[in-house]
Structures are given as structure tokens and as C-alpha cells.
Amino acid sequence: MDQLAMKLGDSLLSAALSSLVDKAASSDLLKYARKKNIDVNVTTESQAGSSSKMRALIPSYCTSFTPRVVFSNVKIGSKLEQITIRLEQIVKYKNDLGLMENSNAKLEERQPTTSLVDQSRIYGRDADKERIVQLLLGVEATLLQEKLKEKLSTRKFLIVVDDLWNENVDNWEILCHPFRTGVVGCKLLVTTRNESVVSTLDATSVYHLGDLSREDSLSLLESYALGKEAFDQFPGLKDIEMDVGEAYNKDENVRHLSFLSSRYDILKRFKNISELKQLRTFLALYKIKKKYYGTHNLSYDVLHKILPEFKCLKLDLAYTKSLQEMPSGISSLTNLHTLSKFIVGKCDKHQIRDLQGLTRLRGKLSIYGLDNVQDVKDVRSANLQGKEGLNDITLIWSDEFYDSRNEALEMKVLDLLQPNENLKVLQIESYGGNHFSSWLGNHRFANMERINLLRCKKSKSLPSLGELPLLKYLRIEGMDRVETVDREFYGSKCFPNLKTLEFENMLNWVDWRFSRLKNIQAVEKHS
């Protein structure tokens, strides 16, 4: 029965295809085929011929259609349809992502990594690295300790732990665990530069290494500085040899002296130092300890009886915030080249007039306590204008603007503090006058490059600084009474070389009549 149905279906399908081919074999279809560049050799001489030619165009698999073949191809068609839908989705995703087709593209080869890296160019991850190492070594360390304990349990040994800095008792106990099982007579030797480690170790005995002897110190210095040569080969280094040996009492020609400072250095320690008439450097060195004292103090006698004896000394008082007054007799240091800090005292004996004879000063000088000046004659005597070597000056008044401050006196003081025309850097802090001196901004200060006017809270106007030809950096801060910045400030030349103009904390400034400033980075700050 099935066979009969299949034969009947074959006959019906064959007849249908024959009819379809006959109707399709028309001149219109042939024209369409040629238009689409279908390569066919067909003529339209007759309907019958056309029909036979058209049959030749049909692939052989089409003429072999049978119901069995058709039904079996339905499943394939369904799968093809699913594949087509999937491909269409992929194309849509490609378009949405803006991907471009590039058949010539080559995959970039990734550079292989290496464990050989420059440690100086690695930043961060230290904590992560430590945790990973602990995870990796946690079990291994325990196993290694047990193996080491087993190896040492029947032996007599000496273990040396060099340059130990650990102060954690628990860590020390863990480290010592394998060493507690040896036979009688085993030793554990620890070296350290940290005194706090000693209490952590609970050592049975401690030996402190002292300083090297003078001869050994010189030998060490010779080996590093001169190689195989000795100081005897270089007579010009004699003063250095005396410094290193701290033998200042043996040679009056010593020029440079350093000493290891303690919290309090008294006169007895420097009993023979006054013999060093050529001394130029008196340098305190500080020993760094865990229990470090924040201040080191020279006694009153050292400051007032010893230092003034050195006529050639360079006196660098930077980083001495606790210093309240200058040593008496400082005015006698007539050969002094370096004096970074001078403090005007409240009493008569430590006045600014002590600067009068220090004509060889050069470099930077900061004068503190100018609100303590009692007589303007002392300021005139200080004669800053005659000190040609000073190129960086800071003038500082008290930052407390109490009622007893004399505005008129402070303006006269500033008038008489006119520096030499070689000045390059000027800073004025907490000045109490209501206006600035006329010399500040005078075109004769042709070398001036930087000016800072800080917290001059009573000044109602800014000085005329625009005439300074080389001024590059100008900072103005805390001028509470200034309300207007105008042409008086700029002048006629209007800062020809100024690069940075900075205003900060100008609380009452409301009007800025900006002028023709060029190539300037103007910064306004508020806090």
C-alpha cells in the first residue's frame, strides 16, 4: 500500500514539474536570467524548443524530486533556518558594537612576561605581596622549622643572627623554636644596632662595641677617601685629620670642627676650643636613636663666652625655632660671612645695631623680632644698605597685632631697613605699618626677582612694584585692609617680566582694576 502511494506521488510531482517548466520557459524569464548574469545558452525559436532548453537549466537534483526526498529535506531545511537566524543575530551584534570587517588584520603578538624586573619601577602592592608570601610560606615555614629542629637536636652548634632589628617578642620566639633542642653548650649570637632589641632577646650577656680609636678612624677614612695613600701624602688635608680625631686642642690652625651633640652641651666640654683662632665651622652632629630628644641645647656660657671668640666663624642658625636671643658679643665677629638668622631682643643688649660691624655677611639673612626695636637709630646703625653680599633678606615682625604696636615707629623702621641694590629676594612678614616704604619697588633694585608680602594686616594699599624690571614672582597674602588693586600697584611699566602673581586671604579686597599684564599666571586663593 505504501509502495503504491509513493509511486502515485512520484507521477503527480513529475507531471507538476513538467507543467511548471513549460510555463516558465518564456522569453521574459530568459531576459531576467541574462540580466542577472546567469550563463545560459538558450534560444527562443519555438515554444517546444524553449521548453526543452529550460529543462536543461534545472539542476539534476530538482528532476529527481520524490516525496521521500522532499520529506527528508524538510528536517535539513529547518536546521538551515535556525543557522540563518543565528547568523543574523551575530551580524546584528557586530553592527551594534561597531565592529569592522578586516580580512588583512593580524592578531597582535603579546610580549612574553618575565620575572626579571626593575624593582625601582614597581609601585604599590607591598601589602598584597606580603600576604601572598605568608600564605605560601605558612605551611612551608613550619615544615622547615621542624626539619631544622630535627637536624640540630643531636648537635652542638653556634648560630649567628646578624644585624637584627626585630623588637617583636612573638616573632623572636618563633625564630628561636628550632634552636632550643640542641645539646648542652649551644650558643646563639645576635648583633644589632638597636638597643631596644636587647630587652626583646632576654640575653644572658651583652657586649657593647665602643667607638673606633682615633688611629683606626683615620685608617678607615684613608681607605675610603684616599685608597692606599695616607694623609701624610696630602698636607692640605691636615685640618680634616684633626677634625676626625677630635684633636682640636693640638693644633691652633684647625678650621673645621664637628662634635656629636647631646641634649645639653656645656662649657666644660669645649674648655680648650677657644684656642682655635682660625675656626670657621662649628658643626653639631646628631645621633639618631629611638628615644630621640627633639631639641639639642648649647649652654648660655657656650653661646656667650665661646662662640664670640671665633672671628672667622660661619654661623648657620637655620632650624633653631627655640632660639630666643643672640649671644652677646656677636657684633665682634667681624669676619662672619654666614649669619642665617638674627633675633632682635626685648632688652637693650640684643638690638639690631649689633649687625653694624658685620660688613662681610653674604647670602641669606632673616631678621626676627623687629617689633622689639626701641630706637630707630639702632636700625640706621645696622646699615643693611652697606652689606653688598646679602642677596636674600627676610624681615619679620610679631604675628600678634596687639594695641601697643606703634604703626608710626614700624614705618620708620622699614624705611631704614632699605637693603643694598644687589638684593634678589625680599620677604616681609607681619609688618604693622599702614603703608609700605617708597624704596620697596624702586627701579634701582634692578636685580629683584622675588617678593613675598605676608600677613601685613594693617597696610591699606600695595606698594608700587610694577617698575621692577626683573621681578618674576610676587606673592601677597593676608592683607586684610586692602580693598582696591589699581594702577598704583602696576606702575607705568606694569611688570615687564612677571610670571606668577599670587593673592591669598585678601578678606576685604573688592575691586581689581586689571591692567595690561601679559604672560602672567595669576592665582587667587581663599581659605
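Reader: Of the 527 residues of the protein, what percentage count as buried, and what makes a residue buried?

Author: In this predicted model, 30% of the 527 residues count as buried. The term means under 20% relative accessible area, while exposed means over 50% and partly exposed lies in between, with a 1.4 Å probe and protein chains only. Residues are numbered from 1 along each chain as its sequence is written, and side-chain values use heavy atoms, without hydrogens or water. As the model is predicted, local features need pLDDT of at least 70 and side-chain atom pairs count only at pLDDT 80 or more, whereas totals for chains, interfaces and linings use all residues.

Reader: Why is Lys 341 called buried, and which residues does Lys 341 touch?

Author: Lys 341 has 9% relative accessibility, and therefore counts as buried. The residue lies in strand 7 (residues 341-343); strands are DSSP runs of E with at least two residues, and helices are runs of H or I with at least four, numbered from the N terminus. Leaving aside residues up to four places away in sequence, Lys 341 touches Leu 317, Thr 320, Lys 321, Met 326, Leu 365, Ser 366 and Tyr 368, a contact being heavy atoms within 4.5 Å.

Reader: What makes the pair Glu 410 and Arg 405 a salt bridge?

Author: A salt bridge requires a side-chain nitrogen of Lys or Arg within 4 Å of a carboxyl oxygen of Asp or Glu. The closest N and O atoms of Glu 410 and Arg 405 are 2.5 Å apart, so the pair meets that limit. Both partners are buried: Glu 410 at 5% relative accessibility and Arg 405 at 8%.

Reader: How do you know that Arg 455 and Glu 429 tie together parts that are apart in sequence?

Author: Arg 455 and Glu 429 form a salt bridge, with their closest N and O atoms 3.0 Å apart. Arg 455 lies in the loop between strand 11 (450-454) and strand 12 (473-477), and Glu 429 in strand 10 (residues 425-429), so the pair ties together parts that are 26 residues apart in sequence. At 28% relative accessible area, Arg 455 is partly exposed, whereas Glu 429, at 14%, is buried.

Reader: Which residues do salt bridges that share partners join into one network?

Author: Glu 477 and Arg 475 meet in a salt bridge of 2.5 Å, N to O. Shared partners join Glu 429, Arg 455, Arg 475, Glu 477 and Glu 504 into one network. The whole structure holds 9 salt bridges.

Reader: What makes a set of residues a nonpolar core, and how many residues has the largest one?

Author: Such a core consists of buried Ala, Val, Leu, Ile, Met, Phe, Trp, Tyr and Cys residues joined through side-chain atoms within 4.5 Å. The largest has 72 residues, and Ile 367 and Phe 489 are among those with the most contacts inside it. Apart from this core lies another, of 6 residues, including Leu 164 and Cys 176.
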